Amino acid sequence: MRKTEILRKISGSVRRWFALGLEEEELAQYSAAGEYAAEFAFDNLETLKGYCKISYPTLLLFVVVMWLGGSTWRELLPFPAVVFCIVWIQLVLEKENGKHRTVRMSRCLTALFNLTWCAVVIWHDIVLHPEVPGPLLCLVVLLLTSMYNAYPRDNIISGLGVYVIMLGIDFCLASPKICYTNAVNVLLSLILGICIGQKNTRQNISRKLYTDMYKTVIQTSILVIQVDLVCDTFEVLQAPTYMEPVLSQDITASQGILMIKQQFVAAEFRSDFLKEIEFTTLQKRLERNGMVSFYFLDFRQRWCKLEIVEQKRRGEQVSAVVAVVRDVDNEKRRELEYQRQLKDAVEEARVASAAKTSFLRRMSHDIRTPINGIRGMLEIAGNNPEDLEKQKECREKMWKASGYLLSLVNDVLDMNKLESGAITLERKPFLLRETLVEANTVTELQAIEHGIHFRIDREQLYIEHNHLIGSVVHLKRILQNIAGNAVKYNRKNGSVTVSCRELRSDEKYAVFQFTCADTGIGMSPEFQKKAFEPFAQEGRTANTTYAGTGLGLSIVKELTERMGGKIELSSKINEGSVFVVTIPFEIDPNPVGERKEKKERIDPSGKKALLVEDNELNTEIARFLLEKEGFTVETVGNGREAVEHFKQSALGEYAIIFMDIMMPVMDGLEATRQIRALEREDASLPIIAMSANAFQDDVENSLTAGMNAHLMKPLEADKLDETVQKILRQCGKIEKEEK
């Protein structure tokens, strides 16, 4: 072992020995006990009182020994002075002192007590009997031992100072033999005093810490009882006033527990309370766990906690315990609320997970069903190439199945946009009556197809303000979703009745109420509570080939609330449902005429169109539709090629460009920006976006990039024709104005 390690160990041992021999944990406890300084000092003063009292017989014994040894009255003269000092110390100790003075007084009086006895010892050693060192050892041991009731290290320093003075006087006035003897006596006394003081200090620290903890428990507890399990007795240490009449009776511990249970514990917890505190099992549980705890409601319906802790043992068996009852109502209710919230969150997550799993299962079924229909119709059509009726029937069924798939995808995308808050409401002028006609026409066709009577309630059709500003696309979606459900979940020969009326208006806004009533299968009261939740479906039979996604009503509710409105539902099973949607719209301050002029169709035959599309199948479909319109079509595969083709084309060669958005090399938005930036007279030619990106912000991105319109895939011939005619008319009007 290295020399430095040996020195470190020795220094550590010496340090711990002079620190009362305490280990690190005990030293930490001793430091923590510093807050009990005044209490330790009081204990020290009480000890000094005791030793002052025994000083009189000790002095008398000293005088008798000296008298018998031949001492004269002159030699006994200092003893009255010593008695006077001790009496003075006693008088000081009897006075009441504040805590701030107690520590200082304790140290001062201890030093004075030491000096007094030192005076006696020096007088004895030097003046009277230098040849008799015996009493010195006894007295010094007695003094040093008494000093270790409080602040042992301080008192060691005090004692050393006093006895160094005593040795100095002995060295100057006495013989070397006396100096040597006294030095050895002092050293032995200090060692013995420190060893005894270590034990006393540990006891004091433990007692003070335990007392403080005990006081805290008493103050924060409703009931504290000490129970002797062997003798079946108890002692009340703390009890509320309402329990005192019961606990003050002359009864056994078992009887007291029964009375506490009956009078102070809530009825639903009484059996468990008795089971927890039953003596025979309690001893075994304490031997195993060391403590037993139990939560219960008291007669005030407040949460309490019973804690039973082992106090004494007889052999290996627990013989006495302390039972503590604390009011933990606030903490327990917070814990229960947190557990409830956690449980609700877990349940919500479980329900959401189950709903999404169910949704994915339905989606898998709902997607595969129309795909299977489309592929099946293709197979049938392929096997009947000459049967024109069968070919027509197959095409119609495939068109219907693909329409359902498109609706399915739109619903899922719309719901995702709504949940993420990314959907954008339009703010455009529109005519409410025309909008209702368009929405009702679609629903009426669905109703005729399924044998449902569709009726518009003219009596409830009251509209004062027809020119409005708002998101007409989303209004149509709301009305068509509700009416579509009314058709889908109706009976054969059932009916659907719709109406609209203006409830009220002011200078800026008008509030409208849209009602849709059906005679369908209805909804159960339980399902009505969650009808507007995503993926919610009651599982009852729909009057359609394909079931819904469970997202329609969720979308309706989200859109209605985004538009500042509300939706109400009333339904009865096998009687039908009524949906009432109330939405405010801004009144258009600058209305345009309601009559639409009959516009002559523009024939695009002979005009050349540039089709920009990277997907071969989409290219083929778009080429077919454009050629059907009358265009001569030229195709390229990405945006960069489109820009290069346009640059190299003759002025006015292309009448219109149909541009896909998502393409490799260069997307359609960037290609449009570059074409618009070219210094050519025909750089302002019409550019129409064709994209599967179907949200409002996608449309706005296309228009911002410089495009004239945005067509959503899959392309529909009617929508394509309507857009082309609109753009060609606008271009023709611009040309006329320029001329």
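Reply: Leaving aside residues up to four places away in sequence, Glu586 touches Arg427, Leu468, Ile469, Lys508 and Tyr509, where contact means heavy atoms within 4.5 Å. The model is predicted, so local features need pLDDT of at least 70 and side-chain atom pairs pLDDT 80 or more, while totals for chains, interfaces and linings use all residues. Residues are numbered from 1 along each chain as its sequence is written, and side-chain values use heavy atoms, without hydrogens or water.

Glu586 belongs to strand β12; helices (H or I, at least four residues) and strands (E, at least two) are DSSP runs, numbered from the N terminus. With a relative accessible area of 14%, Glu586 is buried (under 20%; exposed is over 50%, partly exposed in between; 1.4 Å probe, protein chains only). Its side chain makes a polar contact of 2.7 Å with that of Arg427. Such a contact is a pair of N or O atoms within 3.5 Å; within protein, one must be able to donate a hydrogen and the other to accept it, and residues adjacent in sequence count only if both atoms are side-chain atoms.

The neighbouring residue in sequence, Phe585, has contacts that include Leu468, Ile469, Lys508 and Tyr509. Phe585 is also among the residues with the most contacts inside the largest nonpolar core, which has 40 residues. A nonpolar core is a set of buried Ala, Val, Leu, Ile, Met, Phe, Trp, Tyr and Cys residues joined through side-chain atoms within 4.5 Å. Elements giving two or more residues to this core include β12 (576–587) and α16 (472–488); α16 gives the most, with eight residues.
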